[in-house]
Amino acid sequence: MAKNEGCTTFVLTDINNTSGCLNFVRKAKERNIKPILGVDFRNGIKQCYVLLALNNNGFLEINNFLSYHLHCKIPFPDEAPYLKNTVRIYPFKKVQRLKKTTFSANEYIGVRSRDLNVFSLSPLKQYTDRLVVLNSVSFRDKRDYNTHRLLRAIDTNVLLSMLPAIEQGHPEDKMFPKKEIKKTFRQYPHIIDNTALLLSQCEIDFDFSKQKPSQNLTTLLGSPEQDYKKLVSLCKKGLPERYDVINETIKKRLEKELTLIKAQNYVAFFLINWRIIEYARSKGYFYIGRGSGANSIVAYLLRITDVDPIELDLYFERFMNLYRATPPDFDIDFSTWDREDVTDFIFREFGGDGQTALLGAYVTFQHSGAVRELGKVFGLPKHEIDKLSKGVYHPQSLDNISRLILKYAQVLHGRPNYISIHAAGILISEKPIHYFSATNLPPKGFPTVQFDMHIAEDVGLYKFDILGQRGLGKIKDAVTIIKQNHPGVTLPDIHNAKPFFKDPHINAMIARAQCIGCFYVESPAMRMLLKKLGVSDYLTLVAASSIIRPGVAKSGMMREFILRHRDRSRIKKKAHPVLLDIMPDTYGVMVYQEDVIKVAHHYAGLTLGEADVLRRGMSGKYRSREEFLQVKEKFRENCIHKGENPKIVHEVWRQIESFAGYAFAKGHSASYAVESYQSLFLKCYYPLEYMVATVNNGGGFYRVETYLHEARMNGGTVLPPCINTSEIQTIIKGTQIILGFQHLQGFEKNNMVTLINSRNLDGPFTSLENFIERVSISIEQLDLLIRIDAFRSTNKDKRTLLWEAYYKENAIPDNLEQQQLFKVSIKDFTLPQFDITQLECAFDQLELLGFPLFDPFILLETSPISILLASQLKHYINKTVRLYGYLVTAKRTRTTRGDRMFFGTFLDQAGQWIDTVHFPPVAKKYSFKGKGIYCITGKVVEEFSFLTIEVSKLERMAYVPDVRFAGDQRKRKFHNQSNT
């Protein structure tokens with residue numbers, strides 16, 4: 001808009017925010033517009049002043065001032081502080097209210113067009129050299145203004161019709177042509193002149209060029225020379241630790257990497273990652289280093305990663321080349337709890353003068369969420385909002401309000417909603433972080449910049465990725481639990497996974513796809529791929545870790561890879577000779593992210609720099625950028641010029657385009673495979689302990705119930721919580737797994753702690769009466785414990801205990817102090833012998849745990865008419881069968897036509913896996929109806945030795961009526977008995 005209006009200078013002053021500043025500067029330069037940065041400071045809706053940066057140091061000062069108030073959540077002062085490199089502009093009406101009559105050299109009065117009538121009568125007009133135009137530009141047109149009003153209603157949580165005018169911007173806050181502004185201020189030409197002079201004094205600059213220097217911390221030890229000396233020393237130390245024999249290949253690779261790391265000024269980047277790992281190792285934290293940096297031998301020697309690039313022949317140019325404009329990626333995973341401490345260490349170690357911050361992320365409006373928010377401000381009832389949000393309506397039946405909601409939901413879709421935190425990114429800069437952005441202070445207490453990773457990279461700030469991952473928590477906790485349950489056992493070094501790669505028992509387990517609970521290899525899709533590929537070794541698992549990504553499957557190359565893997569004669573028939581020569585290990589199929597670079601460089605003749613632009617462009621955000629579009633066109637032109645068949649060129653490009661944004665670098669896949677093997681070792685030799693660790697870390701792909709089932713299948717006995725043995729988390733004693741109190745739904749955390757503390761202090765509870773005397777707990781909370789059979793150590797059935805509990809609730813006074821001082825005697829009474837059935841216990845467990853600890857098939861109202869099991873399906877290939885399965889998970893997806901279909905996963909009556917596919921017609925006719933047991937009818941099909949049922953009919957089976965509520969309500973019954 002500024003360009004169209006002939007502006008050569010433009011100012012961006014967002015309200016209490018600097019998110020758009022850097023991208024604004026980058027875009028303005030592209031359009032030959034001089035950018036100026038500032039902030040519009042407001043307390044709520046009240047404008048205080050506008051600060052403009054005279055230069056980059058002024059922007060730093062503004063960000064320091066803004067961040068301080070955002071962090072401390074304190075209002076801005078009425079008058080702006082003196083900031084040496086800034087200009088302070090007070091709105092005319094604000095100056096009137098303040099009765100301000102003295103102005104320093106960098107203080108101005110901002111006059112709006114709509115203020116001129118009042119201004120003409122004000123004594124402030126005498127300050128002729130202090131007056132400037134203050135014209136906010138918030139809206140392009142009427143639709144923008146309407147959208148703004150809707151957003152204000154959403155933000156203030158009121159109906160649009162109830163939105164106060166004071167909460168809205170002015171409809172005239174739009175861009176006026178320069179001629180119109182001059183005409184408006186024609187009686188005050190000095191205001192126009194002052195404005196032009198002020199703007200000429202402001203100068204802001206950030207380098208966004210391809211040759212821009214890195215803004216990351218440049219040295220760890222004080223000088224680049226010292227840093228490089230330290231890096232070489234660490235590598236020499238690591239060589240004999242990592243390699244038994246140090247051959248020429250290793251030496252040459254190391255020398256090549258060190259030379260390039262130094263030339264590209266990435267020495268400090270490696271040392272910072274090394275320092276983070278050193279701290280983690282000193283604390284005994286489990287971690288996995290991955291990303292393209294896993295292709296590096298230097299990273300391997302520094303123990304940033306555990307992937308040997310020599311063994312795997314990892315492509316060096318994916319990790320780094322002279323033309324690569326960004327440092328290699330290191331994604332370092334820690335367990336969720338350890339990550340918090342590591343993050344805190346990074347801020348303490350490298351924070352310095354505010355040089356560290358978390359990376360921001362933009363959360364945008366999505367259609368469904370936008371519809372819901374707009375539905376509220378228009379006052380629609382919930383059921384109507386649900387229909388619009390889910391798309392369950394006929395367009396012809398919509399009223400004007402509904403149409404308006406859908407219209408503006410489309411306007412909001414993809415636009416910023418609020419600033420969040422990047423999942424992993426941490427910035428460590430040479431300059432103070434506020435040189436680039438103001439920061440927010442989220443609840444975890446780490447400053448967070450107000451821009452995202454793409455803008456950070458544009459300006460030369462490259463993130464360090466520190467992630468939290470449950471899989472590592474499982475491994476760490478499993479090792480501890482194994483040592484507790486098997487005193488004296490000696491475990492191998494879990495960090496050294498190489499021996500696991502050759503373990504025949506582990507590899508046989510992978511080949512059978514018995515990997516439930518194991519990192520990255522447990523999902524139904526991965527279980528299917530492991531069987532189809534017949535994975536039984538580390539290298540094939542590395543390939544599988546990338547093949548499973550959505551892009552490879554979408555390109556059709558997952559199937560082609562499987563075909564070539566199973567039938568090697570197909571390779572020469574189907575593989576393009578150049579592609580086969582480039583990628584012999586993957587049979588000429590693009591599997592890894594670096595394959596894009598290889599194909600672009602060797603097949604299309606692009607330089608390594610251009611090939612890297614192509615790889616990065618596939619991530620999505622850069623696809624529209626000019627440099628990517630130029631490389632894309634050059635790819636095709638080069639291939640045609642070389643005489644390649646246009647159809648083949650088109651197909652190769654299609655494969656690149658469909659998967660490159662999703663595929664892993666080979667080193668990244670290898671890192672995942674290392675963690676998979678670590679967890680597979682634990683699962684193979686200590687399955688029960690590993691399942692307990694899995695449950696305690698929140699599970700994985702499946703619900704907790706599935707991991708407990710897996711424990712039972714491996715010989716474990718799963719018991720409900722117990723007042724005398726359970727902890728908050730689940731524990732194991734021998735082969736008995738005792739659920740933790742955290743799984744008892746509705747049981748409060750403070751009661752868990754009180755119960756355990758009392759038990760640790762005064763020993764086991766001997767009876768219900770003893771428990772009540774020692775633990776102050778409500779009858780409702782006590783009811784939960786009794787019904788889940790947590791008092792089984794007292795040798796009384798739950799009905800007797802419930803009767804006693806409710807009797808005591810009515811018999812004992814509510815005076816807590818009296819109960820503590822005097823033991824209240826309750827007379828004995830005789831109760832009949834109660835018969836507690838498995839069904840009653842199962843329903844209690846279903847209610848209180850969310851799943852039964854018994855075989856769920858006992859809940860069926862009608863016994864299954866088929867006893868066919870998953871293990872027998874191989875005898876019914878291409879035949880229609882009927883069998884029963886307990887639903888584990890259902891994955892919803894869509895066909896290329898957009899039709900909905902499902903992939904189902906069930907457990908049969910013997911506890912074995914059933915895999916189903918529900919094509920659109922069946923999915924539409926027979927929908928899933930929640931958890932439970934289903935009668936499945938369909939045809940057994942086999943593909944690459946993997947069996948699936950193509951479902952033709954699906955019926956959820958009825959459970960027996962809840963036996964606990966046959967007759968009067970149970971709680972009323974006990975209350976009546978106790979009152980009697």
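Which residue in β19 is the bridge partner of Phe902? The partner is His918. This is a predicted model: local features need pLDDT of at least 70, side-chain atom pairs count only at pLDDT 80 or more, and totals for chains, interfaces and linings use all residues. Residues are numbered from 1 along each chain as its sequence is written, and side-chain values use heavy atoms, with hydrogens and water left out.

**Barrel**

- Five strands close into a barrel, in the order β17-β18-β19-β21-β20, with mixed pairing.
- Neighbouring strands of this sheet are turned by 50° against each other on average, direction ignored.
- Strands are DSSP runs of E with at least two residues, helices are runs of H or I with at least four, and both are numbered from the N terminus.
- Strand β18 (residues 900–907) pairs with strand β19 (residues 913–918) in the antiparallel sense, over six bridges.
- Two strands pair if DSSP finds at least two bridges between them.

**Salt bridges**

- The structure holds 49 salt bridges.
- A salt bridge here is a side-chain nitrogen of Lys or Arg within 4 Å of a carboxyl oxygen of Asp or Glu.
- Arg26 and Asp458 meet in a salt bridge at 3.5 Å, N to O. Arg26 lies in helix α1 (residues 21–30) and Asp458 in helix α18 (residues 453–459), so the pair ties together parts that are 432 residues apart in sequence.
- Arg26 and Asp458 are both buried. Buried means under 20% relative accessible area, exposed over 50%, and partly exposed in between (1.4 Å probe, protein chains only).
- Lys796 bridges to Glu804, with the closest N and O atoms 2.7 Å apart. Lys796 is partly exposed at 39% relative accessibility, whereas Glu804 is buried at 9%.
- Arg964 bridges to Asp844, with the closest N and O atoms 2.6 Å apart. Arg964 sits in the loop between β21 (946–956) and α42 (970–979) and Asp844 in helix α40 (residues 838–848), so this pair ties together parts that are 120 residues apart in sequence.
- Arg964 is buried at 12% relative accessible area, and Asp844 is buried at 2%.
- Salt bridges with shared partners join Asp783, Arg787, Lys798, Asp844, Glu847, Asp962 and Arg964 into one network.

**Helix α37**

- Eight of the nine residues of helix α37 (residues 779–787) are buried.
- Among them are Asp783 and Arg787.
- Asp789 follows α37 and has a positive phi, near 70°.

**Aromatic pairs and charges over rings**

- A search of the whole structure finds 44 aromatic pairs.
- Rings of Phe, Tyr and Trp (its six-membered ring) pair if their centres lie within 6.5 Å; planes under 30 degrees apart count as stacked, over 60 as edge-to-face and the rest as tilted.
- Phe59 and Phe206 form an edge-to-face pair, 6.3 Å centre to centre, with 75° between the planes. Phe59 is in helix α2 (residues 56–72) and Phe206 in the loop between α7 (189–201) and α8 (224–242), 147 residues apart.
- Phe59 is buried at 0% relative accessibility, and Phe206 is buried at 3%.
- The ring centres of Tyr538 and Tyr677 are 6.1 Å apart and the planes are at 70°, so this pair is edge-to-face. Both residues, Tyr538 and Tyr677, are buried.
- Ring pairs link Phe41, Tyr49, Phe65, Phe76 and Tyr90 into a cluster.
- The charged end of Lys100 sits over the ring of Phe103, 5.3 Å from its centre. Arg956 lies over the face of Tyr959, at 5.7 Å from the ring centre.
- A charge sits over a ring if NZ of Lys or CZ of Arg is within 6 Å of the ring centre and within 35 degrees of the ring normal.

Terms used: Axes fitted to C-alpha atoms, helices over the stretch in contact; angles between N-to-C directions.
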